[in-house]
Every structure is written in structure tokens, then in C-alpha cells.
Amino acid sequence: MSTSAGRRIDEEANTSWRQRSELEKMADLPQSLDDELSRLDKQFWISGSKLKEIVSRFREELEEGLTKDKQEGIPMNITWVHNLPSGKEKGTILTIDLGGTNLRVCKVDLHGDEGGKEGDGKHSMEQEQYKLPEEMKTGDADSLWNFVTEKVAAFIQDHKLDQQYSVEKPMPLGFTFSYPATQKRIDHAVLQTWTKGFDIKGVEGQDAAKQLREKLQERKLPVELICVINDTVGAMVASTYNDPETIVGAIFGTGCNAAFMASLSRIGKLDSNDDRITDASSHNGATKGEEKMAINCEYGAFDQAKRVLPLTKYDEQIDAESPRPGEQTFEKLSAGLYLGEIFRLILVDLLDRSLVFSQASDQGLQKLREPYSIDTGFLSQIEDDESPKFTKTRELFHSTLSIQPTDVEIELSRRLAEMIAVRGARLCACGVAAICTMESIEKGHVAADGSVANKHPKFKRRWAKALGEVLGWKEKDCGGDGPITITSAEDGSGVGCAIIGAMELERRAKTKTH
Ligand code: BGC
């Protein structure tokens, strides 16, 4: 924090968690815990002025990422998605999505605007989900791609796709690979680093598309990998297909990130004479100066240099114990994978200082000491609990941790869950605020997906309030109906990926005829 900003008296910063909390009180806390909460609140509360300071640095990193190729911080990856869909895209595409827990395979039929079909009628889909074996996340490239290929083969067989497609006449395949990757073309993706706790050997620094393509060819599957996309770009594209007011595609889930369409002239690191650009632009009808490119920000990497984010000792611990310490600093404070873990680390800290769970069983305490034994859903359910005497929260502690909490422990947990989730939502608003200020976007829809956006009961409202504070909206606009609103994204990794695949096929067809 700069000294002048540090000295500024910020009224909000002086309010206590008690004044800010939206929660009903369940029990009085003993003085020792009340003091702890005040101490924690000082570390976790991000005031309006601090938000603005974060957004200003965020914007600098976004701009640096657009101009410099290799830099510390936000990479701003070029995606080779040159235009948003017209809504008329048609075709049948196979898509795969390598998520944090599952591999999803879909056959997507895009109907375009045929017969005036609107909304979901514009596409139909068949899909299967396969659980990723836990050990694969720390295994090697071979087992990863063998697993993916095996499931694609099973899908092809189960859905009788081998009767329509062959190695000579393959089915187009799109791949949603939601990790930071640099792309020389749309069907190429060199993994920069694994995120979200993945640690698979032999993929970083390599072209993931090539590795997968080789495996698919080895098995002689009747598919051709034509595009690799990020989930944020998929969310933006799928949502624009139905909602032209979409300005950003964002994921607030296990990881966090966003994509937007940047003007080519602003992407300093791109050579405007590059054949790949002139070729694409000449086919999408954009006139010189108007050409765009989807940028996958990868802003989970924000503030790697730790200049502005207010890190607590719990954040430092999560980072130190993660497979990639020093990376994804912003993501580790705000994304779903980590919120439950922050909560757990605070409880363990209080336990170590004999402030909580003196009556809990050894079995319960053992579970509590297990890393990542509490997920973000746990926090959402605590904040969502309106049952008398918070019986649902009691049951949750019992079923997840075999702990029977006291009234005071329930009260404490509710306050902590709120504190952590509020910080996460306010930080999530910073990324979008930085994109909008950089691009002078004043209104539109942020198409969001991910477990935090969709399942946390208060996330959207908190996010909108923080966005309004940063962008200086009138109070009435900060409740969720402001000029920039969050909408639920359409299925980015299925429909979005298929649309991008269809656009790529169209581009290839045009290139051939020229
Ligand atoms: C990844 C991004 C992804 C985000 C949301 C991050 O960890 O690096 O590529 O978009 O998670 O899934």
C-alpha cells in the first residue's frame, strides 16, 4: 500500500465485523474468541479504498501482459479466437473438458438459426462424465492422455459415432483445457504451469494438443483435434451465442479467471503483419483497426510479486504447501479450491491455541487436520443455513468432520465463513473491474460459471457491491442491477467449445477456397 493511501482514513476500514455482518447472532462469544475474530477481520476485510488500489495494480499487470511476451504476473494469453459467434454457427462437434474432478465428453449439434430456434433449441447434446482418478492429478503425461483417449474411445463406441466417422473422414474434436497455455495456433497449447493443485509430470512446457493428438492417432480414433480453448473463452463465446451483451466470460470456481475480446491494436506483443492475423481478419469481415482477439487473461496469476494483495499467514501457508509455491497468488485467495482450506487452517490455528473444540473426539480432530478436508461447499452451506438453531450446520460438521460443535463454535464458524467468502467475492470483482476500466467498458453482462458463482448463496450480490464500489456506482446500482451485471454463463466447455470448433472449420473452409 502506498503511504498516502495507507494514511487515508477510510471509514469502512474502521467499522467492525459486527457492524458489517449480515448474519443473525447465534451465541455470545467469549472475550478470547471475540478478540480473535476482530484480529482476523482486520486481516481479511478489504475496504473500498484497498479495492481501488488492487484494481489499479491489476490494470497495470493486464496492460503489461498485453505488451510483453514473457513476464512475471498475468500472462494475457492469445487464443486465436478472432470473433464472437453470429448465432448461425452449425455443425456437429465432439468436445472434451478436462476439469478439476471430471472429464466430460459431449457430442454437440449446433443448429444455428435454423427454423428460428432460440435459446437452448439452438443446440442439442449428448454427454458423459468420467471421474478423474485422484492419483492421476500427480501422475504422468502418459497416464493422463491414456485416460482421456480411453474415455473418448468409450464415448465414440457407446454413441455409435464410429458408424458415421472414420480416420479418413474424422469427427472434429474441441478440447477445453483450463490451465494457462500459450498458443501459436488454435490447435496448439503449450502448458505454462499446472494450477488448481494438478501436478502431472511431463506436460509443462509441452504442447498438450500434440500429446493428446498422438495418443488419439495411436488408437486410430476417428477424430481430429481442431481447437484447444480455455473455459473462460468458452463461457464468453457460448453466452454471446444467445446474449450479445456479453462482455466478459469469467470462471469463479475451483480456479478463477476471465476472458474478453481485445482490439488487436492494443495487443502490443502481437505482430500485426503476422500471417495468422491477416489471414483470420480477412476472413471474418473485420475492417482494419477493428479486428479483435479473445484474450485469456489467466489473472489467477495476479500479484505474483506480492506487491498489493493483503496476504494473511493462512494464505502464505496454503501457498507454501501447494505444488507450485509462489504461483497463482490471486487465485489462492479467491478461488473455490482454497476458501475451505483457509477456513480449516484458521480453525486448526485456534485449536492449537486451545481456543476451540476442547470437547471434540480425536477422530474429528484428526479429520480437521487433514489438508483440504473442508471444501468451499461447506462454507456455502454454513452461510445458507437458516434452520432453527442452525441444525444443518451441526449436521454438516458431524457428517464431514465427525465433530459435534458447541453453540459458540457454530457462531464462530458462521462468522469465519462469512469473512472468508466476503473477501473472496470482493477480490473476484477486482479482476473484472480492471478489465472494464482498461477497456472503457461501462455496461454489459459478465457471463460467469463455476461452483462459487453458481452455488454460493451470496457471492453474486457481494461481487456486484464491490464492483460498484470500485467503479463508483450509485448505491442503488450496487445491489446486482448495476450497468455491469453477472449472468449465468451458458455451457462454455460443451457448447462454447463446439461453437469455436465450428468457427474454426468455417475459417479453414474459407482459407481453402481463397
Ligand atoms: C486456470 C485457468 C482457468 C481457471 C478456471 C485457473 O486455475 O489457470 O486456465 O480458466 O482456473 O477454471
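## Ligand surroundings

A polar contact is a pair of N or O atoms within 3.5 Å. In this predicted model, an N or O atom in the side chain of glutamate 298 lies 2.5 Å from an oxygen atom of the ligand, so the pair falls within that cut-off. Threonine 195 also faces the ligand through its side chain, where an N or O atom is 2.8 Å from a ligand oxygen atom. With tyrosine 179, by contrast, the atom concerned is a backbone N or O atom, and its distance to an oxygen atom of the ligand is 3.2 Å.

Around the ligand there are 15 residues. The ones that come nearest are Thr195, Asn230, Asp231, Glu298 and Glu331.

## Two domains

The domain assignment divides the protein chain into domain 1, made of 3-62 + 305-425, and domain 2, made of 77-297 + 490-513. Between their C-alpha centres the distance is 35 Å. To the contact, domain 1 gives 12 residues and domain 2 gives 13 residues.

## The area between the domains

About 910 Å² is buried between domain 1 and domain 2, and 53% of this is on carbon and sulfur atoms. On the side of domain 1, 49% of the area buried against domain 2 comes from Arg324, Glu331 and Leu337, more than from any other three residues. Glu331 is also among the residues that come nearest to the ligand.

## Polar links across the interface

Two salt bridges are found across the interface of domain 1 and domain 2. Arginine 324 forms a salt bridge with aspartate 199, with 2.8 Å between the closest N and O atoms. Six residue pairs are in polar contact across the interface of the two domains.

On the side of domain 1 that touches domain 2, the elements giving two or more residues are α10 (329-334) and α11 (336-352). By type, the residues of this side are six nonpolar, three polar and three charged.

Definitions and conventions:
Residues are numbered from 1 along each chain as its sequence is written. This is a predicted model: local features need pLDDT of at least 70, side-chain atom pairs count only at pLDDT 80 or more; totals for chains, interfaces and linings use all residues. Side-chain values use heavy atoms; hydrogens and water are left out. Domain bounds come from an automatic or database domain assignment. Contact means heavy atoms within 4.5 Å. Buried area is the accessible area (1.4 Å probe) that two parts lose on being put together, summed over both. A salt bridge is a side-chain nitrogen of Lys or Arg within 4 Å of a carboxyl oxygen of Asp or Glu. A polar contact is a pair of N or O atoms within 3.5 Å; within protein, one must be able to donate a hydrogen and the other to accept it, and residues adjacent in sequence count only if both atoms are side-chain atoms. Helices (H or I, at least four residues) and strands (E, at least two) are DSSP runs, numbered from the N terminus. Ala, Val, Leu, Ile, Met, Phe, Trp, Tyr, Cys and Pro count as nonpolar, Asp, Glu, Lys and Arg as charged, and the others, Gly among them, as polar. A residue is near a molecule or strand if one of its heavy atoms lies within 4 Å of it.
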